[in-house]
Amino acid sequence: MPSTIFVLNGPNLNALGKREPGIYGGQTLADIEAMCVEHGKTLGLDVVCRQSNHEGDLVDWFHEAGNVAQGIVVNAGAYTHTSIALHDAAKAIGIPVIEVHLSNVHAREEFRHKSMLAPAAKGVICGFGANSYILALNALKTLTQQTK
């Protein structure tokens, strides 16, 4: 039976492909989700993708994942820098969380350098475009094998 991994995306990621393509690339969220599902299959992972512009939805999905999944890949968008709720949810669920970003947040505006989520995450991957998600799935595959 494949392990389930949630891939969660936060605010404004539904606008990928048209929002600042010089920073975020030309792929749509649907493109990235399809890529994650396909790569997950090659790793024996069942990938569940969700997106919301609402912080509470993301918190609810963290809790749901804690009950049914083996890990989370999350691009929390702007909530990365502001959400203590996501930090607390990540700490509460008992499964590994990997924070991802399409761009290198450390090469951007100062306010993007601080992540509220990172201290509660197993790791952070940023700056590799859509491949950040693939790298995170690879990492979760390794992590979930270690815990079996």
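Visitor: Which is Thr4, buried or exposed?
Guide: Buried means under 20% relative accessible area, exposed over 50%, and partly exposed in between (1.4 Å probe, protein chains only). Thr4 has 14% relative accessibility, so it counts as buried.

Visitor: What kind of model am I looking at?
Guide: Residues are numbered from 1 along each chain as its sequence is written, and side-chain values use heavy atoms, leaving out hydrogens and water. Local features need pLDDT of at least 70, side-chain atom pairs count only at pLDDT 80 or more, and totals for chains, interfaces and linings use all residues, since the model is predicted.

Visitor: How many residues of S1 are buried?
Guide: Thr4 sits in strand S1, residues 3-9; a strand is a DSSP run of E, at least two residues, numbered from the N terminus. Ser3, Ile5, Val7 and Asn9 point one way, while Thr4, Phe6 and Leu8 point the other way. Both groups are buried, and the count for S1 is seven of seven.

Visitor: Which residue of S3 is the bridge partner of Val7?
Guide: Strands pair if DSSP finds at least two bridges between them. In S3, Val7 is partnered by Val73.

Visitor: Which side chain joins that of Asn75 in a polar contact of 3.3 Å?
Guide: A polar contact is a pair of N or O atoms within 3.5 Å; within protein, one must be able to donate a hydrogen and the other to accept it, and residues adjacent in sequence count only if both atoms are side-chain atoms. Asn75 lies in strand S3. At 3.3 Å, the partner side chain is that of Tyr133.

Terms used. Helix = DSSP H or I, 4+ residues; strand = E, 2+ residues; numbered from the N terminus.
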